[in-house]
Amino acid sequence: MSWTRHAVPRAAVGLLAAGALAALGGCADAQAEKSAGTIGTNVEAGDIELRNVVVEPPDDGRAYRPGEDAVVRFSLFNDGERRHTLVRVEANQARTATLHWDRFCDGTAERVSRLPVPAGGAVPGSARDPADGATYYATMENITNTIRPGTTTGLVFVFADAGRVPADALVYATERPALPGLGCEPY
């Protein structure tokens, strides 16, 4: 008798839980669709869009130590009608950050003082097949504190006309990330 008395409420609870999960699943599917392909932080500031801001994992897989360098990957887009220029990246856990750009698509990303972002576009040369790699990146140089995979580190992208755009970059937590090469050709 006791079993019968609890069977109905448990069944009702089970049906309610299944319905709630189905409803949440519908919301989760929409959210997953919205962020499909994202491997890092996405930030929008006016006409500027930063996509997939991520720090490559440390070589040892454990942590970046003070004095080491780390590569910051990101995609940069300009949805506006006027050109913007990224003039620097600031890292709160590194002494300096430098910009690199393979502007000639020769497989070598040179250190540069700025990245042009044309109106309605991306950094020149970056509209290639994503499997070919990113033509630009930043390097956090001389890290000041231990940075562990799976955590975030604060960055500020500084534009000549669009101002400062903060982004918390995820430190990728795997030794072999599925990231394209640095430059027009994978290397």
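**Close-up 1. Arginine 51 and its salt-bridge partners.** Arginine 51 pairs with glutamate 44 in a salt bridge, with 2.7 Å between the closest N and O atoms; the term covers a side-chain nitrogen of Lys or Arg within 4 Å of a carboxyl oxygen of Asp or Glu. This is a predicted model, where local features need pLDDT of at least 70, side-chain atom pairs count only at pLDDT 80 or more, and totals for chains, interfaces and linings use all residues. Residues are numbered from 1 along each chain as its sequence is written, and side-chain values use heavy atoms, with hydrogens and water left out. Glu44, Glu49 and Arg51 are linked in a network of such bridges. Glutamate 44 counts as exposed because its relative accessibility is 56%; exposed means over 50% relative accessible area, buried under 20%, and partly exposed in between (1.4 Å probe, protein chains only). Across the whole structure, a search finds five salt bridges.

**Close-up 2. Glutamate 90 with two arginines.** Here glutamate 90 forms a salt bridge with arginine 88, the closest N and O atoms being 3.0 Å apart. Glutamate 90 is partly exposed, at 24% relative accessible area, and arginine 88 is partly exposed too, at 39%. The side chain of glutamate 90 also meets that of arginine 164 in a salt bridge (2.8 Å, N to O). Because arginine 164 sits in strand E10 and glutamate 90 in strand E4, this pair ties together parts that are 74 residues apart in sequence. Strands (E, at least two residues) and helices (H or I, at least four) are DSSP runs, numbered from the N terminus.

**Close-up 3. The aromatic rings of Phe74, Tyr136 and Phe157.** Have a look at the rings next: ring pairs link Phe74, Tyr136 and Phe157 into a cluster. The structure holds two aromatic pairs; rings of Phe, Tyr and Trp (its six-membered ring) pair if their centres lie within 6.5 Å, with planes under 30 degrees apart counted as stacked, over 60 as edge-to-face and the rest as tilted. For phenylalanine 74 and phenylalanine 157, the ring centres are 5.0 Å apart and the planes stand at 65°, so this pair is edge-to-face. Phenylalanine 74 belongs to strand E3 and phenylalanine 157 to strand E9, so the pair ties together parts 83 residues apart in sequence. Phenylalanine 74 counts as buried, at 3% relative accessibility, and so does phenylalanine 157, at 0%.

Close-up 4. The largest nonpolar core. This core has 32 residues, and Phe74, Leu76, Leu86, Leu115, Met140, Leu155 and Phe157 have the most contacts inside it. Strands that each supply at least two of its residues include E2 (48–55), E3 (70–78), E4 (84–91) and E9 (152–159). A nonpolar core is a set of buried Ala, Val, Leu, Ile, Met, Phe, Trp, Tyr and Cys residues joined through side-chain atoms within 4.5 Å. Histidine 100 in strand E5. Histidine 100 lies in strand E5 (residues 94–101) and counts as buried, at 11% relative accessibility. Its side chain makes a polar contact of 2.9 Å with the side chain of threonine 98, and another of 3.1 Å joins the side chains of histidine 100 and threonine 139. A polar contact is a pair of N or O atoms within 3.5 Å; within protein, one must be able to donate a hydrogen and the other to accept it, and residues adjacent in sequence count only if both atoms are side-chain atoms.
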